[in-house]
Amino acid sequence: MPKSKKDKDSFDPKNMKPEDVLKFEIATELGLADKVIAGGWRSLTAKESGRIGGLITKKKKELQKGSQTS
C-alpha cells in the first residue's frame with residue numbers, strides 16, 4: 001500500500017536520512033527546527049529553504065577545502 005502524501009511530508013528527527021542530518025542542523029541554527037518538526041520540510045517558505053540550501057553549500061565547500069589542504 002503506498003504511503004499517503006501526509007506520511008511522506010512528515011518529519012521524524014529520530015529517523016533522518018544521512019543527507020537530512022546537515023540540513024536539520026542548519027535549520028536548528030536558524031531557529032526553524034520546531035517548524036520543520038511540526039509541519040515537515042514543506043512547511044518552510046522559499047526564503048527559508050533557500051537560506052538552508054545556501055548554508056549547506058557553504059559548509060560542504062568549507063569541508064571540501066579543509067580536506068584538500070590536509
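**Chatting about a helical chain and its core**

Student: Which residues make up the largest nonpolar core?

Tutor: In this predicted model, the largest nonpolar core has 12 residues in all: Phe 11, Phe 24, Ile 26, Ala 27, Leu 32, Ala 33, Val 36, Trp 41, Leu 44, Ile 52, Leu 55 and Ile 56.

Student: Which helices each supply at least two residues of this core?

Tutor: Those are H2, helix H3 (33-39) and helix H4 (46-69).

Student: OK, stepping back, how many helices and strands are there in the protein chain?

Tutor: The protein chain has 4 helices and 0 strands. Following the sequence, you get the pattern α-α-α-α.

Student: And what share of the residues counts as buried?

Tutor: The protein chain has 70 residues, and 21% of them count as buried.

Student: Let's look at H2. Which of its residues are buried?

Tutor: Helix H2 covers residues 18-29, and its buried residues are Asp 20, Phe 24, Ile 26 and Ala 27. Looking down the axis of H2, you find these buried residues within an arc of 160°, so they line one face of the helix.

Student: What's exposed on the other side of H2?

Tutor: Pro 18 and Glu 29 are exposed there. Just after H2 comes Gly 31, with a positive phi of about 80°.

Student: New topic: Ile 52. Where is it found, and why does it count as buried?

Tutor: Ile 52 is part of helix H4. Buried means under 20% relative accessible area, and Ile 52 counts as buried because its relative accessibility is 2%.

Student: What does Ile 52 touch, leaving out residues up to four places away in sequence?

Tutor: With those left out, Ile 52 touches Lys 23, Ile 26, Ala 27, Leu 30, Leu 32, Trp 41 and Leu 44. Take Ala 27: Ile 52 and Ala 27 are 25 residues apart in sequence, with their C-alpha atoms 6.5 Å apart in space.

Student: And Phe 11, what is that in contact with?

Tutor: Setting aside neighbours within four places in sequence, Phe 11 is in contact with Met 16, Phe 24, Val 36, Ile 37, Gly 40 and Trp 41.

Student: Trp 41 again! What sits over its ring?

Tutor: The charged end of Lys 23 does, at 4.4 Å from the centre of the ring of Trp 41.

Student: How many aromatic pairs are there?

Tutor: The count is 0 aromatic pairs, where a pair needs ring centres within 6.5 Å.

Methods:
Residues are numbered from 1 along each chain as its sequence is written. This is a predicted model: local features need pLDDT of at least 70, side-chain atom pairs count only at pLDDT 80 or more; totals for chains, interfaces and linings use all residues. Side-chain values use heavy atoms; hydrogens and water are left out. Rings of Phe, Tyr and Trp (its six-membered ring) pair if their centres lie within 6.5 Å; planes under 30 degrees apart count as stacked, over 60 as edge-to-face and the rest as tilted. A charge sits over a ring if NZ of Lys or CZ of Arg is within 6 Å of the ring centre and within 35 degrees of the ring normal. Buried means under 20% relative accessible area, exposed over 50%, partly exposed in between (1.4 Å probe, protein chains only). The arc is that of the directions from the helix axis to the C-beta atoms. A nonpolar core is a set of buried Ala, Val, Leu, Ile, Met, Phe, Trp, Tyr and Cys residues joined through side-chain atoms within 4.5 Å. Contact means heavy atoms within 4.5 Å.
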